[in-house]
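Welcome, and thanks for opening your viewer.

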Amino acid sequence: MKQKHTAKVLSQREIAPDIFDMWIETPLAADAKPGQFLGVYPRDKSTLLPRPISICEADAARGALRIVYRVAGAGTREFSGYSRGDAISLLGNLGNGFPLEQGAGKKAFLMGGGIGVPPILELARRLEAEKQIVVGYRDGNLFLKEDLERYGRVYAATEDGSAGTKGNVMDAIRENGLEAEVIFACGPMPMLRAIKAYAAERDIPAYISLEEHMACGVGACLGCVVKTKEVHHHSHVPNARICTDGPVFEAKEVQI
Amino acid sequence: MKTQVTIAGVTLKNPVMTASGTFGSGMEYAEFVDLDRLGAVVTKGVANVPWPGNPTPRVAEVYGGMLNAIGLQNPGIDVFLERDIPFLKQRDTKVIVNVCGKTVEDYVEVVERLGEEPAVSMLEINVSCPNVKEGAIAFGQKADALFDITREVKRHARQPVIMKLSPNVTDIAEMARAAEAAGADALSLINTITGMKIDIHKRTFALANRTGGMSGPAIKPVAVRMVYQAATAVQIPVIGMGGIGSAEDAIEFLLAGATAVSVGAMNFVNPYTCTEVVEGIERYMEQYHVEDVTDLIGAVRD
């Protein structure tokens with residue numbers, strides 16, 4: 001059941017320039033799934049809409065969720081100033097999440113690029129598969145890489161070549177001679193397009209998490225759609241709502 | 001305490017409804033809002049055939065509000081009647097269906113189909129969407145065009161007809177009078193105000209459609225003014241909307257002359273807004289010893 005409520009910040013720190021790592025005490029932790037996201041509301045009433053931020057880690061026992069986000073504008077700038085004990089307004093849990101059953105027992109790529117890395121952590125924790133975690137960054141600020149290493153072998157790529165493979169996640173796959181039967185990914189659009197093409201060439205499924213400007217977050221406003229290959233069963237036109245039909249889609253079903 | 005209001009013979013349990021396009025057909029918000037608490041659910045616009053809507057980005061935040069250019073994406077009247085109406089039928093609230101079209105014939109087709117559906121209490125005719133190129137706003141920005149489509153819709157409608165007016169006009173009173181003269185049973189306003197946002201970092205339009213409709217608290221004073229002007233120009237009931245996020249906002253519209261109010265963009269900001277507005281109006285009535293909510297309608301005059 002989705003709900004909006006006021007939660008409490010447990011901790012926050014900056015783990016890379018403009019990348020913030022926040023733990024929040026919230027009952028939403030109980031049934032959060034990897035790949036789902038929260039709508040986080042700024043307090044400043046000039047910035048009204050919820051900011052979609054992916055769930056990075058869910059600790060059901062402690063009743064806490066972790067989000068790792070980049071400061072991209074006024075809303076996330078405000079969140080970055082919160083500290084322990086502060087109230088934070090959340091709408092959650094939103095979206096469908098990664099289909100864990102599609103990876104069970106298989107050889108899988110878990111791929112994250114930039115601020116698309118955070119949801120890969122909870123996925124890596126929960127997915128029961130032979131996990132090869134491939135992550136791409138701009139530079140040597142390899143945030144969350146150590147956390148990811150708890151769950152599988154991590155291959156990193158950096159655009160500036162300061163760590164791991166010089167280039168992107170696809171370069172890292174090639175350089176390390178990696179293979180997989182299924183892909184799970186979150187990252188910038190060029191990366192997702194490359195993954196879609198790679199998966200199509202090899203005829204393997206790829207489950208990609210998409211992002212779009214959103215308003216409601218619950219499927220009502222139809223702001224955040226993606227074009228689909230076929231007429232979608234809910235919309236009856238060839239597009240689907242990223243917030244509720246996604247954010248995770250099988251790559252071959254969407255036109256990106 | 002009496003909270004009922006009557007519009008064109010249809011009695012609503014209270015004057016609070018949802019604004020078209022912000023609430024789907026109620027399903028998405030039923031997790032947050034007990035629809036039985038609402039005066040009416042006004043559905044997302046429905047056309048005779050499915051409309052795919054505009055390219056993305058379709059929404060952008062602006063100071064104190066948002067822009068949207070959804071482009072009236074909808075699954076078409078067949079799906080609407082098979083899926084959405086059965087869901088709404090089970091709720092103890094009135095159903096008002098927003099109708100959109102590109103031609104007069106499109107509107108008439110939908111209006112006729114809905115005429116066969118007793119669960120639909122009223123029709124709201126969208127002649128004011130700023131985000132579709134053909135139809136819609138073309139009917140809503142000239143008084144004679146508004147008159148003609150109103151008369152044509154009225155000729156085919158079995159339910160009372162609400163004409164939803166655009167604020168993107170020079171004289172809202174003239175538009176209100178034109179709709180009334182053509183037989184409209186009620187008016188609703190305001191639809192969104194056409195706006196634009198430019199991303200100065202990417203040097204692009206924030207919306208793929210370039211322009212979009214502005215909604216949210218920032219437009220409320222414009223909406224209150226227009227509701228006042230329309231309500232003083234006509235005898236038929238006016239439904240007020242534009243930036244309503246609290247009971248205080250809603251009461252402002254009632255005092256300006258609205259018989260009922262709609263909650264729109266603020267559903268996105270707080271999914272519980274509709275219920276909070278219903279409860280807040282009741283508290284206001286208690287506080288000021290208002291026995292009948294209709295005593296508030298148009299209570300502020302020169």
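Two strands count as paired if DSSP finds at least two bridges between them. Keep that in mind for the opening stop, and remember throughout that this is a predicted model.

**Stop 1: a pair of strands in chain B**

Select residues 193–196 of chain B, which form strand β11, and then residues 211–215, which form strand β14. The two run antiparallel and are joined by 4 bridges. To see one of those links, pick Ile193(B): which residue is its bridge partner in β14(B)? The partner is Met214(B).

Now look at the two faces of β11(B). In a regular strand the side chains alternate between the two faces of the sheet. Here Ile193(B) and Gly195(B) make up the covered face, while Thr194(B) and Met196(B) are on the uncovered one.

The phi angle of Arg210(B) is near 70 degrees, a positive value in a residue other than glycine. Is Arg210(B) buried or exposed? With 12 other C-beta atoms within 10 Å, Arg210(B) is exposed, because a residue with 12 or fewer counts as exposed.

**Stop 2: another positive phi, and a cis bond**

Go to Leu72(B), in the loop between β6 (65–68) and α1 (77–89) of chain B. Phi of Leu72(B) is near 55 degrees, again a positive value in a residue other than glycine. Leu72(B) has 26 other C-beta atoms within 10 Å, so this residue is buried.

Next, select Thr56(B) and Pro57(B), which are joined by a cis peptide bond with omega about 0 degrees. Pro57(B) sits in the loop between β4 (40–42) and β5 (59–62) of chain B.

Chain A has a cis peptide bond to visit as well, between Gly92(A) and Asn93(A), with omega about -15 degrees. Asn93(A) belongs to strand β7 of chain A.

**Stop 3: a helix in chain B**

Select residues 143–156 of chain B, helix α4. How far apart are its end C-alpha atoms? They are 20 Å apart, which agrees with the 20 Å that 14 residues should span at 1.5 Å a residue.

Colour the buried residues of α4(B): Leu146(B), Phe147(B), Ile149(B), Thr150(B) and Val153(B). An α-helix has 3.6 residues a turn, so residues three or four places apart point the same way.

**Stop 4**

Turn to chain A and colour domain 1 (3–94) and domain 2 (100–255) separately. Their centres, taken over C-alpha atoms, are 21 Å apart. The contact between them takes 21 residues from domain 1 of chain A and 17 residues from domain 2 of chain A. On the domain 1 side, β6(A) gives the largest share, 3 residues. By class, that side has 16 nonpolar, 3 polar and 2 charged residues.

**Stop 5: an open sheet in chain A**

Still in chain A, show the open sheet of 7 strands, in the order β11-β10-β9-β8-β12-β13-β16, with mixed pairing. Its edge strands are β11 (165–166) and β16 (248–250) of chain A, each pairing on one side only.

Inside this sheet, select β9 (residues 130–137) and β10 (residues 153–158) of chain A, which pair in the parallel sense over 6 bridges. Val134(A) has Tyr155(A) as its bridge partner in β10(A).

**Stop 6: where the chains meet, and the core**

Show both chains together. How many residues of each chain are in contact with the other? There are 25 from chain A and 33 from chain B. The chain A side divides into 13 nonpolar, 8 polar and 4 charged residues.

Finish at the largest nonpolar core, which has 195 residues. Those touching the most other members are Ile183(A), Ile195(A), Leu187(B), Val227(B) and Ala258(B). Helix α6 (residues 220–233) of chain B gives the most to this core, with 7 residues. Each of the two domains of chain A, domain 1 (3–94) and domain 2 (100–255), contributes at least three residues.

As a last selection, centre on Leu187(B). Leaving aside neighbours within four places in sequence, its contacts include Ile162(B), Met163(B), Leu165(B), Ala176(B), Ala230(B) and Val238(B).

Notes:
Residues are numbered from 1 along each chain as its sequence is written. Chains are lettered from A and ligands numbered from 1 in the order in which they are written. This is a predicted model: local features need pLDDT of at least 70, side-chain atom pairs count only at pLDDT 80 or more; totals for chains, interfaces and linings use all residues. Two residues are in contact if their C-beta atoms, placed from the backbone, lie within 7 Å. Ala, Val, Leu, Ile, Met, Phe, Trp, Tyr, Cys and Pro count as nonpolar, Asp, Glu, Lys and Arg as charged, and the others, Gly among them, as polar. Domain bounds come from an automatic or database domain assignment. The expected span of a helix is 1.5 Å times one less than its number of residues. A residue is buried if 20 or more other C-beta atoms lie within 10 Å of its own, exposed if 12 or fewer, and partly exposed in between; C-beta atoms are placed from the backbone. A nonpolar core is a set of buried Ala, Val, Leu, Ile, Met, Phe, Trp, Tyr and Cys residues joined through C-beta atoms within 7 Å.
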